[in-house]
Amino acid sequence: MSRRLLVAGNWKMHGSMQFVKEMMAELNSSLPAKINYDVAVFPVYIHLYDVITNKPDHVKCGAQNLSEYDDGAVTGEVSAKMLADLGCDMVLVGHSERRIRSNEGNEEVAKKFAQALKYGLTPILCVGESLVQRQSGATQTAVWQQIQAVLDLVGIEKLGQGVIAYEPVWAIGTGESASAEQAQEVHQFIRSQLVLNDDTIARRIRILYGGSCKGSNAYELFSMPDVDGGLIGGASLTAQDFMAICQQADKLSQGV
Ligand code: PGA
């Protein structure tokens, strides 16, 4: 089964109104109208509307987080319903920076994943091991626990409506990417576990790689059989770097 590559730019807590203006101008002028892969960007909440109204139609837009609740007395949070109302397509769930800095546990992440689907947003479930876990041989256990929590809450059908992003914590923002082989090993493991639940869904679900992905390593990473694109942090912050990754996805999507 061939899966469409997805290049997703996670801007994290970067940007300004001017930055959005420039990035949207670049995407509108540089990204061809017809592409055989998908592109998405994830700005901070307050820049979402600006991105949604100025992006090319075929670029998706998503938030970096959402509340696990529909609405109510939850000061400072934003619900899936509001994001959908605004015109978001996607949302990141359980990014390691939120798991670590905001103590988001597996159950909370699973609830957020369910909320996203409830309002028609595509959740990108971020999973990944720490350096200590990798060094102690606990990578598979750590990654699978994070996915299992979502599976337990929503089931395989609904998990299959989302996207998974494998992001080894030790590779995020460090400049030190996992090798293509290291990424493939984990992606293949995830897919093989999902096969035990549902073969078709396991083959259909996209698994992105994230962690110091850039123009120079994107081709090698995305050409791995179980790597279906990337969740890009640092290299999504300039149009030139982001487009360099898109160009690699373009080549692969045309079989070059
Ligand atoms: P990075 O971040 O590309 O800067 O390593 C990736 C991510 O956290 O999504």
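Which handedness, left-handed or right-handed, has the crossing of helix 7 and helix 8?

1. The crossing of helix 7 and helix 8 is right-handed; a crossing is right-handed if the near helix is turned clockwise from the far one by less than a right angle, and left-handed if anticlockwise. The model is predicted, local features needing pLDDT of at least 70 and side-chain atom pairs pLDDT 80 or more, whereas totals for chains, interfaces and linings use all residues. Residues are numbered from 1 along each chain as its sequence is written, and side-chain values use heavy atoms, without hydrogens and water.

2. The axes (lines fitted to C-alpha atoms, for helices over the stretch in contact, with angles from 0 to 180 degrees between N-to-C directions) of helix 7 (residues 139-159) and helix 8 (residues 180-195) come within 11 Å and cross at roughly 40°. Helix 7 is therefore oblique to helix 8 (under 35 degrees is roughly parallel, over 145 roughly antiparallel, 65 to 115 roughly perpendicular, the rest oblique). Helices (H or I, at least four residues) and strands (E, at least two) are DSSP runs numbered from the N terminus.

3. Eight strands form a closed barrel in the order 1-2-3-4-5-6-7-8, with parallel pairing (at least two DSSP bridges between two strands). On average, neighbouring strands are turned by 25° against each other, direction ignored.

4. Strand 3 (residues 59-63) pairs with strand 4 (residues 90-93) in the parallel sense over two bridges. Opposite valine 91 of strand 4 stands alanine 63.
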